[in-house]
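Please keep the sequence and the structure in view while reading.

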Amino acid sequence: MTKQLQELRTLIEALSAEQQKELFQPLLQNHLVHPLEAQWNISADFVLEAIARSQDITKRGVRGIIAELCFDNYIIKPIAQKGWIPQTIVGDQPYDSHLKNGNREIKIQVKNQRLKKGVPLKAGEQSAKKFAGYADWWIAECQKTRTGTDAEGAATRPYRFGEFDILAVCLHPSTNNWTKFMFTPGVKLFPRPKEPDLIEIMQPVPPTKLGNWTDSLEECISWL
């Protein structure tokens with residue numbers, strides 16, 4: 001850092017938070033760093049403020065795509081070095097990640113731990129009767145965002161067993177850590193009582209490795 005930059009930094013650090021914001025706002029607008037900022041002609045800070053003002057359902061969707069990106073960066077990239085190569089996903093599929101290693105293929109659905117009024121939801125709070133024995137576990141909501149029906153009139157929002165191999169749940173809401181995930185084979189999820197070929201919407205998730213759940217994707221793959 002040059003002497004001139006050091007002096008400038010010292011002057012900036014002496015400003016109040018409000019003064020620093022007033023100084024940097026026009027600089028950020030004139031030097032958009034992300035391609036989406038340029039495409040939309042708006043700063044990331046402005047987009048974040050819009051999200052902050054949005055309703056819970058919008059924030060839930062944003063958190064969901066953040067979890068997917070974190071999954072790609074912190075979980076997929078390390079195992080890609082061991083031969084599990086991410087495949088391109090075309091169209092609206094019931095999984096968020098498709099990995100291939102030789103003749104083996106794995107499809108993974110990524111979900112966020114469920115929040116209720118901004119607080120992580122526990123299974124006992126969701127349904128003490130249904131989740132007896134899992135009361136202190138967390139909850140993940142396992143259904144598609146969009147509603148609709150197929151040509152035969154069947155609901156398209158539920159996931160069906162066999163549509164993905166592994167469920168990955170991000171535990172950021174309870175851990176404040178976007179790298180913390182729990183994994184379980186899709187076949188081990190709870191079915192809907194009256195429709196056993198469909199996956200139950202609310203799924204209990206342990207906070208640590210337990211039963212059919214693990215914090216290691218590689219271990220979960222070995223269970224398949």
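The points below go from overall dimensions to the sheet and then to one of its strands.

The model is predicted. Its chain of 224 residues has a radius of gyration of 22 Å, whereas a compact globule with that number of residues would have one near 17 Å. Eight helices and eleven strands make up its secondary structure.

**Overall dimensions and surface**

- Along the principal axes, the C-alpha atoms of the chain occupy a box of roughly 70 × 45 × 40 Å.
- The accessible surface of the chain is about 14,500 Å², and carbon and sulfur atoms account for 53% of that area.
- Of the 224 residues in the chain, 30% are buried.
- Counting contacts between residues at least 6 apart in sequence, 54% link residues that are at least 24 apart.

**Charge**

- The chain carries 28 positive and 26 negative side chains.

**The five-strand sheet**

- Five strands form an open sheet in the order β1-β2-β3-β7-β8, and the pairing is mixed.
- Strands β1 (85–86) and β8 are the edges of this sheet, each pairing on one side only.
- Strand β7 lies between β3 and β8 in the sheet order.

**Neighbours of β7**

- On the β3 side, strand β3 (residues 104–112) runs parallel to β7, and five bridges join the two.
- Lysine 111 is opposite valine 169 of β7, and valine 110 is opposite alanine 168 of β7.
- On the β8 side, strand β8 (residues 181–185) runs antiparallel to β7, again with five bridges.
- Valine 169 has methionine 182 of β8 as its bridge partner.

**Burial of β7**

- Strand β7 spans residues 166–170, and five of its five residues are buried.
- In a regular strand, side chains alternate between the two faces of the sheet.
- One side of β7 holds Ile166, Ala168 and Cys170, and the other holds Leu167 and Val169.
- Both faces of β7 are covered, since the residues on either side are all buried, which here means under 20% relative accessible area.

Terms used: Residues are numbered from 1 along each chain as its sequence is written. This is a predicted model: local features need pLDDT of at least 70, side-chain atom pairs count only at pLDDT 80 or more; totals for chains, interfaces and linings use all residues. Side-chain values use heavy atoms; hydrogens and water are left out. Helices (H or I, at least four residues) and strands (E, at least two) are DSSP runs, numbered from the N terminus. The radius of gyration is taken over C-alpha atoms; the globule rule is 2.2 Å times the number of residues to the power 0.38. Buried means under 20% relative accessible area, exposed over 50%, partly exposed in between (1.4 Å probe, protein chains only). Contact means heavy atoms within 4.5 Å. Accessible areas come from the Shrake-Rupley method with a 1.4 Å probe; for residues, only the protein chains shown count as cover. Lys and Arg count as positive and Asp and Glu as negative; His and the chain ends are not counted. The place of a charge is taken as NZ of Lys, CZ of Arg, CG of Asp or CD of Glu. Two strands pair if DSSP finds at least two bridges between them.
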